[in-house]
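Here's a quick briefing on a protein model, sorted by topic. Have a look at the structure first, then go through the points below.

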Amino acid sequence: MKPGDYQSHNDGEETRRQLAYIDRLTEYVSTLRDELGRNPRACVVTFGCQMNARDSEKLLGILITTGYDETDEESDADLILYNTCSVRDNANQRVYGRLGVLKGYKKTNPHLKVVLCGCMMQEEACVNKIRTSYSFVDLIFGTHNIFKFAELMCEMFENSGHPVTQVWNETDQIVEELPVRRKYSYKSGVNIMFGCNNFCTYCIVPYVRGRERSRAPEEILCEIRNLVDGGVIEVMLLGQNVNSYGTNLDEKMTFAGLLRQVEEIDGLKRIRFMTSHPKDLSDELIDVCAHSDKICRHIHLPVQTGSDRLLKAMNRNYTRDHYLALVDRIRTAMPDISITTDLIMGFPGETGADVEDTIDLIRRVGFDNAYTFEYSKRTGTPAASMDGQLSPEEMQAHFDTVLKVVQETARNAASKHTGEVCEALIETVSGHDDGMVTGRLSNNLLVHLPGDASMTGTIVPVRLDECKGFYFLGSRQ
């Protein structure tokens with residue numbers, strides 16, 4: 001199947017099929033409830049990115065619809081689901097470590113089911129290791145057939161004692177019209193596309209998430225309207241590279257064109273999106289963002305390194321000059337924009353000169369924040385077999401050097417807002433002080449201010465009184 005063969009439209013047949021399985025699963029859960037003398041409890045644990053978090057909301061939605069109660073305590077659960085990530089090796093190791101604990105839980109709770117899904121499950125070596133070393137795992141599936149969760153759960157119950165594994169290499173199906181349990185009532189992620197065609201040499205995502213598949217715009221708009229009708233005022237449009245949205249649709253549409261339509265939805269107050277690849281962020285998109293009252297003044301624009309030599313080795317398809325020119329165009333159109341980025345330190349062959357190039361770029365851009373990671377060798381990616389693999393000590397030294405500059409730059413960028421009055425969407429009551437709430441500004445900065453739970457989900461004017469480096473203390477105006 002070629003990328004252009006993908007079709008995003010869902011005629012409803014698979015949705016109806018999965019809804020029938022949800023009904024059947026409800027019967028199995030009812031029987032389990034009778035055996036337990038209470039509602040069974042499910043714990044869903046998410047590893048990884050915003051896309052995984054959104055997937056977990058779908059999985060939890062099906063579990064709750066069929067009769068499970070949600071719990072945050074694994075030791076209290078009758079079903080534990082790990083939605084895994086494979087971007088870095090330490091995510092895999094965390095899963096293996098936690099599985100060792102679950103073996104003990106299985107011995108004390110004979111009803112406990114353990115379910116693994118997500119990107120890590122798309123790696124054959126990981127599945128083989130789990131089936132060999134953690135044979136108590138009841139169900140394994142990957143990223144492409146997440147919509148079949150209820151069906152797979154039914155198979156698991158019907159084959160009690162026999163583990164179920166179903167991992168697809170690819171799919172042409174997009175099924176989004178199933179139950180969802182959102183973490184927040186006032187904001188929501190919305191998938192606009194799936195997969196990635198970029199094949200950066202360090203990244204395993206295209207291999208575990210598949211090639212790009214865009215949802216039809218009418219399906220996206222319908223979902224957002226329904227969310228707004230239910231009280232959502234902010235949406236995050238999600239894709240591995242939102243800038244390439246629409247390239248595989250029968251009727252081509254750019255991401256900027258989609259944003260224009262999303263803007264027109266009455267009742268929607270804020271629009272965010274993630275992630276933008278620097279190679280194809282268009283002037284059209286900059287123009288749409290600059291003239292919008294709803295699109296937040298924040299863009300996440302991963303650069304990964306400031307070295308042209310490493311950018312080429314990473315297959316990023318842009319140069320540092322291209323990136324700097326793009327930042328200039330963005331800031332010319334939107335002087336108040338917040339720009340954040342990702343940085344990978346310790347890529348194979350990285351030298352002290354490359355680190356200095358990265359530091360120079362950080363200072364020239366003046367990033368509002370940078371999420372800095374040590375390079376993680378992922379089997380199956382081109383970078384894993386490159387010469388010049390750095391030692392852990394070398395990698396740590398490069399990371400530490402750059403992190404200091406990132407922190408300094410981020411503090412300077414944040415402090416410039418001191419004294420400003422901005423609108424903040426109040427997200428939560430503080431976990432440390434129930435007399436304080438936390439709000440998020442359009443530019444993605446956090447502010448803590450006096451308040452209570454009644455403010456959650458509202459947008460209020462806040463004065464930024466005191467900069468604490470990466471967040472503010474403020475007061476309502």
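Let's start with Phe199, which is partly exposed at a relative accessible area of 27%; that class sits between buried (under 20%) and exposed (over 50%), using a 1.4 Å probe and protein chains only. Keep in mind that this is a predicted model, where local features need pLDDT of at least 70, side-chain atom pairs count only at pLDDT 80 or more, and totals for chains, interfaces and linings use all residues. Numbering runs from 1 along each chain as its sequence is written, and side-chain values use heavy atoms, with hydrogens and water left out.

**Confidence**
- The chain averages a pLDDT (the predictor's confidence in each residue, from 0 to 100) of 94, and 98% of the residues score at least 70.
- Residues 1–9 stay under 50.
- Where pLDDT is low, the predicted coordinates should not be read in detail.

- Phe199 isn't a glycine, yet it has a positive phi of about 50 degrees; look for it in the loop between strand 8 (193–194) and helix 6 (205–209). Helices (H or I, at least four residues) and strands (E, at least two) are DSSP runs, numbered from the N terminus.
- Gln304, also not a glycine, has a positive phi of about 75 degrees and counts as buried at 7% relative accessibility.
- Met274 and Thr275 are joined by a cis peptide bond, with omega about 10 degrees.

**Helix 3**
- With 20 residues, helix 3 (residues 89–108) should span 28 Å, and its end C-alpha atoms are 30 Å apart, which agrees; the expected span is 1.5 Å times one less than the number of residues.
- Its buried residues include Ala91, Val95, Leu99 and Leu102.
- Strand 3 (79–84), strand 4 (113–118) and helix 4 (124–133) are among the elements covering the buried residues of helix 3.

**Cavities**
- A cavity is a set of points on a 1 Å grid over the protein atoms alone where a 1.4 Å probe fits but cannot get out, and lining residues have an atom within 4 Å of a point.
- The largest cavity holds about 250 Å³, a volume being the space filled by probe spheres set on the points, which are joined across faces, edges and corners.
- Of its 20 lining residues, Lys58, Ile146, Phe147, Val175 and Glu176 lie nearest the centre.
- Helix 2 (residues 50–65) gives the most to that lining, with four residues.
- The second largest cavity holds about 70 Å³, and helix 9 supplies the largest share of its lining, three residues.

Conventions. Contact = heavy atoms within 4.5 Å. 1 Å grid on protein atoms, 1.4 Å probe; cavity = no way out; pocket = protein on both sides within 12 Å on 5 of 7 lines; lining within 4 Å.
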